[in-house]
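Let's walk through this one together, question by question. Have a look at the chain first.

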Amino acid sequence: MVAALVAAVCFGVASVLQAKGARAAEPGSGSGVDTRLLARALAQRVYIAGLGLDAVGFAMELVALRALPIYAVGAALAASLAVTAVAASRLLRVTLQRVEWGAVGTVCGGLALLGLASGGEGHGHGTSALRWAALLAAGGVLLVGLAAGRLPGRARAAVLGLGAGLGFGVVEVSVRIIDSVTSPALYALLLGGGSAFLLLTSALSKGSVTTATAGMVIGETIGPALVGVLALDDRTRPGWAPVAVVGFVLAVVGALVLARFGEGGADGPPGPDGATAGSPVTSGR
């Protein structure tokens, strides 16, 4: 569980650093899969520093996924929003309301319960069909991005955020089922992660941070957790399943309450182009 928590801290702080840098980047093309926007964000030094933390977080995520059930790792990664919220309150001078401090405590309590209840990594390694399904799902994430880029306002942000969450979920599952360098799961990991990054970048360039991040949290936690339990034999300690369920729900609900901190800052009033004033434009994952 330690590796998952370290990953959450890295991702949470990275979001704030990338938010500071990305706010200076010019808008991209407005597409749901917008490489131009990402390229402009990469020109910011603070954003690069955030990417460095992302790399460390991703390495810790890989370690955690090889030792813990997917449901525990997914909940811990969603809980990085609690880290982001606290960091944003210090570095970006964002005010946390009482309910949000309560959500931070709820996330921490949920993770504590998960830590107590989680068993080891499941012994299932997935079937060939599951590996190909992961690759197809990763390709589907790109198609979601291309289609959602034409949607208006909140619908665009919600669908792109959900698509990004599904892409990150593909990464979580793929890590567990890679069996060789030619495995479809390896390409699913690369395609799913890259696609998710692009979609979340686009979602946050013109839309609500809260809406996009809530969609991402749902996409990257629920589906992968079910795959882990149903296909990869993820289990809890004997007799601790109800505790694990409660912990998972608390961590995810707390993260959803903190969704406005998904990229290091709160939503502001809509700007003239429909974007959210003060919201960052790219991902901290």
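The chain exposes about 11500 Å², with 70% of it supplied by carbon and sulfur atoms (areas by the Shrake-Rupley method with a 1.4 Å probe; for residues, only the protein chains shown count as cover). This is a predicted model, where local features need pLDDT of at least 70 and side-chain atom pairs count only at pLDDT 80 or more, while totals for chains, interfaces and linings use all residues. Residues are numbered from 1 along each chain as its sequence is written, and side-chain values use heavy atoms, leaving out hydrogens and water.

Reader: How many helices and strands are there in the chain?

Author: Helices (H or I, at least four residues) and strands (E, at least two) are DSSP runs, numbered from the N terminus. From that end on, the elements read α-α-α-α-α-α-α-α-α-α-α. The count is 11 helices and zero strands.

Reader: Which helix gives the most to the nonpolar patch?

Author: The patch covers about 610 Å² and includes Leu-162, Leu-166 and Ile-218. Patch residues have over 30% relative accessible area and no salt bridge; like charges are joined within 9 Å, nonpolar side chains (Val, Leu, Ile, Met, Phe, Trp, Tyr) within 5 Å. A salt bridge is a side-chain nitrogen of Lys or Arg within 4 Å of a carboxyl oxygen of Asp or Glu. Helices H8 (153–177) and H10 (209–231) each give two or more residues, and the top giver, with five, is H10.

Reader: Is Leu-166 buried, partly exposed or exposed?

Author: Leu-166 sits in helix H8. Buried means under 20% relative accessible area, exposed over 50%, partly exposed in between (1.4 Å probe, protein chains only). Leu-166 has 42% relative accessibility, so it counts as partly exposed.
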